[in-house]
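Me: I'm new to this one. Can you put it up and walk me through a few spots?

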Amino acid sequence: MSNRMVCREASHAGSWYTASGSQLNAQLEGWLSQAQPTAGPARAIIAPHAGYTYCGACAAHAYKQVDPSITRRVFILGPSHHVPLSRCALSPAEVYRTPLYDLRIDQKVYADLWKTGMFERMSLQTDEDEHSIEMHLPYTAKAMESHKDEFSIVPVLVGALSESKEQEYGKLLSKYLADPSNLFIISSDFCHWGQRFRYTYFDESQGEIYRSIEHLDKMGMGIIEQLDPISFSNYLKKYHNTICGRHPIGVLLNSTMQQDFSWVTIGRKTARLLYIPIKV
């Protein structure tokens, strides 16, 4: 029997972002240098997963809020773009490769999650085809580089969950969110507008189309800031905004309902990024 470690390759390196470790490091350092930290370290961030040409600078505002000195485990919740899922799925890999350095999956947490019977096991091909989690790996590696041997990751692929499923997964993950040594990364872009996405909502009172989209997204972000999953669900039902990470966001919001998170404050930096800095 082979003891060979199962590794997920950096399959989008060279296309969605550079495969050169030195170039990638320089890019990330440049973007992070332009971002400012807020009042306290984040326990959860919502950041985009497009190619770095489009969202690299934006994502830096979220990752600037990460404190590697207190973070020992990073949960990354990303939506499934390529395979139909009605639940959440775990990776068969033990290691995720990045052009910077390899990231180790927390096998103990994975075993605990698997025992619940609530998770599927995605194939390695599915894992490598999906970009929503991978696009956060280089930034995670960069943000944590000063403690790179002291943390692990918990990647979770989130399917098209019903509201009741979002509540169930939120309840399950709430104990991890309550632990200050855990960081949650929620992978999501916001509005996908146009015929390609079968979404052309336009509020003419806002003027230009891009203004309507911005207003719609900011409305959703404002609701997310309330940490109210019911209000967020009602917003989606009313406007049908094509937020691709709406289910991971729903899981996060439901997680906050299970614990006393009255001390949480939220800040917004750009129209496509939210982070949750915690008061200390």
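Me: How do α8 and α9 run relative to each other?
Reply: They are roughly antiparallel, because their axes cross at roughly 155°. Over 145 degrees counts as roughly antiparallel, under 35 as roughly parallel, 65 to 115 as roughly perpendicular and the rest as oblique. The axes come within 9 Å. Axes here are lines fitted to C-alpha atoms, for helices over the stretch in contact, with angles from 0 to 180 degrees between N-to-C directions.

Me: Which residues make the contact?
Reply: From α8, P229, F232 and L236. From α9, R246, I249, G250, L253 and N254. Contact means heavy atoms within 4.5 Å. Helices are DSSP runs of H or I, at least four residues; strands are runs of E, at least two; both are numbered from the N terminus.

Me: Before I go on, where do the numbers come from?
Reply: This is a predicted model: local features need pLDDT of at least 70, side-chain atom pairs count only at pLDDT 80 or more, and totals for chains, interfaces and linings use all residues. Residues are numbered from 1 along each chain as its sequence is written, and side-chain values use heavy atoms, with hydrogens and water left out.

Me: Back to R246. What does R246 touch?
Reply: Leaving aside neighbours within four places in sequence, R246 is in contact with E166, S188, F232 and L236. R246 counts as partly exposed, at 31% relative accessibility. Buried means under 20% relative accessible area, exposed over 50%, partly exposed in between (1.4 Å probe, protein chains only).

Me: New topic. How many aromatic pairs are there?
Reply: The structure holds 11. Rings of Phe, Tyr and Trp (its six-membered ring) pair if their centres lie within 6.5 Å; planes under 30 degrees apart are stacked, over 60 edge-to-face, the rest tilted. Y17 and Y52 form a tilted one, 5.4 Å centre to centre with 35° between the planes.

Me: Where do Y17 and Y52 lie?
Reply: Y17 lies in the loop between β1 and α1, and Y52 in helix α2, so the pair ties together parts 35 residues apart in sequence. Both Y17 and Y52 are buried.

Me: And Y63 with Y139: what are the distance and angle there?
Reply: That pair is stacked, 4.8 Å centre to centre, with 10° between the planes. Y63 is in helix α2 and Y139 in helix α5, 76 residues apart. Y63 is buried at 3%, and Y139 is buried at 1%.

Me: Which residues form one aromatic cluster?
Reply: Y17, W31, Y52, Y63 and Y139.

Me: Which ring does the charged end of R121 sit over?
Reply: The ring of W114, 4.4 Å from its centre. K148 has its charged end over the ring of Y101, 5.3 Å from the centre. The rule is NZ of Lys or CZ of Arg within 6 Å of the ring centre and within 35 degrees of the ring normal.

Me: Last one. What is the phi of R198?
Reply: Positive, about 55°, although R198 is not a glycine. Most residues other than glycine have a negative phi. R198 is in the loop between β9 and α7, and counts as exposed at 79%. H240 also has a positive phi of about 55°. H240 is found in the loop between α8 and α9 and counts as exposed at 53%.
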